[in-house]
Amino acid sequence: MKFLAARRRSPLVASALLVGALAVVGGGYAAIASVQPASAALAVGTETQIDKGQKLFLEGCSSCHGLQAQGTETGPTLIGVGAAAVSFQVSTGRMPLAAPGAQAPRKDNPYSEEDIAAMAAYVASLGPGPAIPTAEQLDYSNADMPYGGELFRINCSQCHQAAGQGGALTQGKYAPNLMEATPQVIYEAMLTGPQSMPVFSDATLPTKDKQAIIAYIRHLQEAPSQGGLSLGKFGPVTEGVFLATAIFAALIGAAVWIGIKSR
Amino acid sequence: MTDITPQEGHDQGHGSAPAKLGYSPVADIPHKPRLTDTDPKAARRAERQVATMFLLSMLLIVLFVVAYVTIDPSSTVYIPVFGDVGASNFALGLTMGGAVFLIGAGAIQWAKKLMPDVEVVQQRHDMQSPRRATAEAAANYERGKEESGFARFTLIRRTLIGALVLFPIPLVVVLRDLWTASPAEAGKSPADLLSETLWTKGSRIVSDGTYLPVKPADLPVGGLVSAVPADLQEVEEAEGNLNARTKAAIILVRMDPEEIRSQQGEGWDYQGILAYSKICTHVGCPIALYEQRTHHLLCPCHQSTFDLADSGNVVFGPAARRMPQLQIGVDEEGYLVAMNDFQEPVGPSFWERG
Amino acid sequence: MTTTSPVEKAGGATATYVDQRIGSNKFLSRNLGKVFPDHWSFMLGEIALYSFIVVLLTGVFLTLWFKPSMAEVVYDGSYVPLKGITMSQAYQSTLDISFDVRGGLLLRQMHHWGALIFIAAMAVHMFRVFFTGAFRKPREFNWLIGVVLTTLGLLAGFSGYSLPDDLLSGTGLQIARGIVQAIPVVGTWAAFLLFDGEFPGTEFISRLYGVHILLIPGLILALVTVHLMLVWTQKHTQFPGPGRTNDNVVGYPLLPIYMAKAGGFFFVVFGIIALVGGLVTINPIWIFGPFTPDQVSAGSQPDWYIGFLDGALRIMPNWETVIFGWTISWNIFIPALIMPGVLFTALGLYPFIEAWVTGDKREHNILDRPRNAPVRTGLGMMAISFYVMLWIGGANDIIATAFDLSINSITLFLRAAIFIVPPIVFIVTRRTCLGLQRRDREKLLHGYESGRILRLPHGEFIEVHQPLSQKDLAVITSKVDHEPLPAPDKADADGVRNKKYRSQSLRHKLSVFFYGANVPKPSAAEIEAGQHHAAHSAEIEAPLHDYEDADEFRRAHGGVLHHPGMAETNIEQQAEEHSGH
């Protein structure tokens, strides 16, 4: 616990705190957006980019989200969700939605990076919201990975499972597997709270802590399986299935071999 | 030893010797000889096979030692199908498992191919003792009863039974101090202790892990923070255990005040920020699967579901009681604080809870 | 026996030396030639025994490094993702065993896999004993010991699973604590005494350690010894077969064959456990992280043998009552304490219940074929299906994500299915058994149906039946037709009221239920006639077999009589064949 206490006094955290405090000034959503240093640039975007974004929006999104992104019965309003939400939803292929269901699944994304940036710029121009994290924010090379693991277990593992394999939510919804999530996707998800996921704002979980979490998730994605075959890292259920099938097949096979008369 | 030495060959059953061994071959099963019985070459092949297994086993033991000495336990290796795995564990398991397995496989192969495979028969004996033995036992028992006077000395018998009944009492009584109350716990019953937490009026709420205090504006609508009291770390240091955390852990969520249908107390939220216990009322799992759209809180252990927009009431699953809510406000510096302790015990139910 | 080698001489001398002191030759003379029947399903108990030995062995090694303490330390071992994290010494030492002790991870994984195999083998062994009626007189005590051993196995497993103090096992303990706390009247005190106050405290791991490494294994070891001694003195049961009677045992002598096979099987089981321990991860505690009471992972499941309890907890409706200010948590008390209590009690008492119902007082050394005891087999399958329902409940979140279902629907389905499915399984199993009995009767009366139709020279078609082999005949005729207990009279001939009428009547009804529907075995004369008839039809067909042997196509398709270019009738066929030679 000392370890964490020490962290509290670190200048970096203090500065993050300061940024958090600044956020209060704006109040409400605007404040959250203002925490993002890059938000000004992205929120405005170039005229042509916004126009292109609007065009793409009208083609791909407006049937559910409304012509002015004001929301309809089938899709929520996008005013104020910010560029980060667009980037997350479209880059992971969750939007546009292929079919209605308990939840939008991850799938192949048909858009190019520029297209996504254009749509993000358009949505950002509608109202202030979290911006796409900058390369600096996403740089987790100096992050404290073990601390990220601690934060992961406090904030993430209850839904995404300790090994990041995902888990069930109510009524057929689920927390997705994190094995393919990029740092940007992870950051944006924490920032925007897509679908069932709650928001972990930069004020309560400062950039440095998010970087630590990203570092830990990257570790989970890449870590070798020290003990051998990983069995999907789902825990005792898959272990039990392996026991009942493979191991007992081998043991009973051996028993049968002993019992058969030799020719 | 001589009278129990098994005979060689497979036709042992046809002689008179088996009677001595206590078994004889089953008369009416025709015995089909194996290849190894009829073909000396096959027999020699089987012999070589078995010996090879034992030899390989020895080799694998040597390899085990080599692997133990040479492979760094932290190194990994890519094995097709298995993926990246710990090299040392893999090599040690493979060599040791292989070596031991081959000893067994060799022995079984030896038995199957080269030892006689004629089924033999042995008689069973009644489990019940012969009448004479039973009578003798009964007589001995009667004699013992008579000589001890167990039946006659009623007083002795009854007092002995009484003494034997009381004898385990000390063994049970000493278990009382399995729980020795700490000074802080002195004079309180388990039910008292389960009914109080670290939260008091003005306890600052800090987020778990980062231990940063939280201002209302830090938490956007749809936001979630796992939180604990600011003095938790000090208390844990002083008590040297995690007991306080088990009861004090909370979650903070923020929703549009319009969406809050009910709360456990008038105005217990702060501008749409609600604080609920993080410990499930079913059997006590920490619970933070908060779905910000539905405001449902799901327990990963047994799937009890609570509606945080509706006083934390149970909407699904085995939990019987709502999630206790903590009344919150802000202090003079604008940080979120508890306005009180929980008004009902957190965590699983218990007998005295009422 | 012409020469005596020096080795044998030395062996004989040793035997004499030992015998003069402990009289061992008397035992050896009786037992070295002891006969054991051979069947693969008789090895299931051995798997349990051998995996237990492996678990004991690896467990002893683990005690050399494991520190059963909840004292907090800061990790500084070689597993980077946890460096600098505060954790208990128990967790730290388990990480050290996994990453810093060479071969430590192998021992840990062998220990854990071995434990899973131990309990599973006991369960499967128990199925074998149950479905073959091996628990009947004189083996009821051994059944009871087996049930106790299984229960102890569950406790041994759960106590071991909880020791590393990782997040997964700690969550399990947190749940266990909640369950203890829910016991009416004494719950809170019991929980406080177990954990030295509130959860998690600092004492529990070390207390559990003593239970896990001494108390439970000691009890298991003692009971296993008694279990084996009883098997030894009562001699193993055997499946029906030629030459096998209730009064003999047919198989292989202990020395050398059984010794080599059973001894070899020990090494095979040991080898498989070591291979699995080296090749397949189990319980990667480093991924779960150290236990902290306010952290949790999705998909927190217990090991398979506790899964049924967890499932029961999950699917139980949320009932709780408060009477005069006292709380009774039915939602915990019923699934976690009453249900397993009833289940294991019923399991332990089953042999006595069945004996009471059937009034059967004979010794049984020949095993029942499951079909010949349809009610017992049905009850067994019913219990298994009940258990499987709970199992599904225990894994409902994993099943939901794997098969795109909703946990809510699975839970609601199971709440109904737990009452509906087992009776259906009972009925289906019982009827299947009776169907198989009927088929057996047909086989005895008519022999095997070969599926081949013969046209006889005078134009009559017959289906060829083949007589049963000696082995099948012995197996099928092993069925014993029991009579249900007679219905009691309300009063005897003198008009005196029968005081035990009610219990006797119940017993009669149950006995009729148990035996009533059985398909009677044909009489010996009928069987002989049937087999004779079958042999006759096979004889008629016999000349064709010379032809079939020469024709691969026909051999593979037993029912086919014609293919292009072939003789149209049997007579032509035979004529062709004879003229050809």
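Student: Let's start with one residue. Leaving aside its neighbours within four places in sequence, which residues is Leu252(B) in contact with?

Tutor: Leu252(B) contacts Ile205(B), Val214(B), Leu219(B), Val225(B), Ala227(B), Ile273(B) and Ala275(B). Keep in mind that this is a predicted model.

Student: Take another residue, then. Why is Ile179(C) counted as buried?

Tutor: You count the C-beta atoms around it, and 20 or more others within 10 Å makes a residue buried. Ile179(C) has 22 within that distance, so it is buried. This residue sits in helix 7 of chain C, which covers residues 167-181.

Student: What does Ile179(C) touch, not counting residues up to four places away in sequence?

Tutor: It touches Val283(B), Ile332(C) and Ala336(C).

Student: Now the whole chains. How many helices and strands does chain C have?

Tutor: Chain C has 21 helices and eight strands. Its C-alpha atoms fill a box of roughly 95 × 80 × 65 Å along the principal axes. Of its 581 residues, 47% count as buried. If you take the contacts in chain C between residues at least 6 apart in sequence, 73% of them join residues at least 24 apart.

Student: What are the corresponding figures for chain A?

Tutor: Chain A has 14 helices and two strands. It runs to 263 residues, 52% of them buried. Among its contacts with a separation of 6 or more, 69% are between residues 24 or more positions apart.

Student: Which domains does chain A have?

Tutor: The domain assignment gives domain 1 as 1-23 + 134-223, domain 2 as 36-132 and domain 3 as 234-263. Where domains 1 and 2 meet, domain 1 puts in 13 residues and domain 2 puts in 16. On the domain 1 side, helix 12 (residues 183-192) makes the largest contribution, five residues. By class, that side splits into six nonpolar, five polar and two charged residues.

Student: How do I read an interface between chains?

Tutor: Chain C brings 93 residues to its contact with chain B, and chain B brings 84. Helix 10 of chain C, residues 254-279, provides 19 residues, the largest share of the chain C side. That side holds 48 nonpolar, 34 polar and 11 charged residues.

Student: How many residues of chain A are in contact with chain C?

Tutor: The count is 51 residues of chain A against 53 of chain C. Helix 14 of chain A gives the most to the chain A side, 16 residues. The residues on that side divide into 28 nonpolar, 19 polar and four charged.

Student: And how do I read strand pairing?

Tutor: Strands of a sheet pair through backbone hydrogen bonds, and they can be parallel or antiparallel. Look for Gln123(B) opposite Asn248(C).

Student: What does a hairpin look like in chain C?

Tutor: Strand 7 (residues 448-455) and strand 8 (residues 461-466) of chain C run antiparallel, joined by five bridges. Glu449(C) has His465(C) as its bridge partner. The hairpin has five residues between the strands, and Gly459(C) in the turn has a positive phi of about 100°.

Student: In which order do the four strands of the open sheet in chain B come?

Tutor: The order is 9-10-11-12, with antiparallel pairing. Strand 9 (289-291) and strand 12 (313-316) are the edges, each pairing on one side only. On average, neighbouring strands are turned by 30° against each other, direction ignored. Strand 9 joins strand 10 (residues 296-298) through three bridges, and Tyr290(B) stands opposite Leu297(B).

Note on methods:
Residues are numbered from 1 along each chain as its sequence is written. Chains are lettered from A and ligands numbered from 1 in the order in which they are written. This is a predicted model: local features need pLDDT of at least 70, side-chain atom pairs count only at pLDDT 80 or more; totals for chains, interfaces and linings use all residues. Domain bounds come from an automatic or database domain assignment. Two residues are in contact if their C-beta atoms, placed from the backbone, lie within 7 Å. Ala, Val, Leu, Ile, Met, Phe, Trp, Tyr, Cys and Pro count as nonpolar, Asp, Glu, Lys and Arg as charged, and the others, Gly among them, as polar. Two strands pair if DSSP finds at least two bridges between them. Axes are lines fitted to C-alpha atoms, for helices over the stretch in contact, and angles run from 0 to 180 degrees between N-to-C directions. A residue is buried if 20 or more other C-beta atoms lie within 10 Å of its own, exposed if 12 or fewer, and partly exposed in between; C-beta atoms are placed from the backbone.
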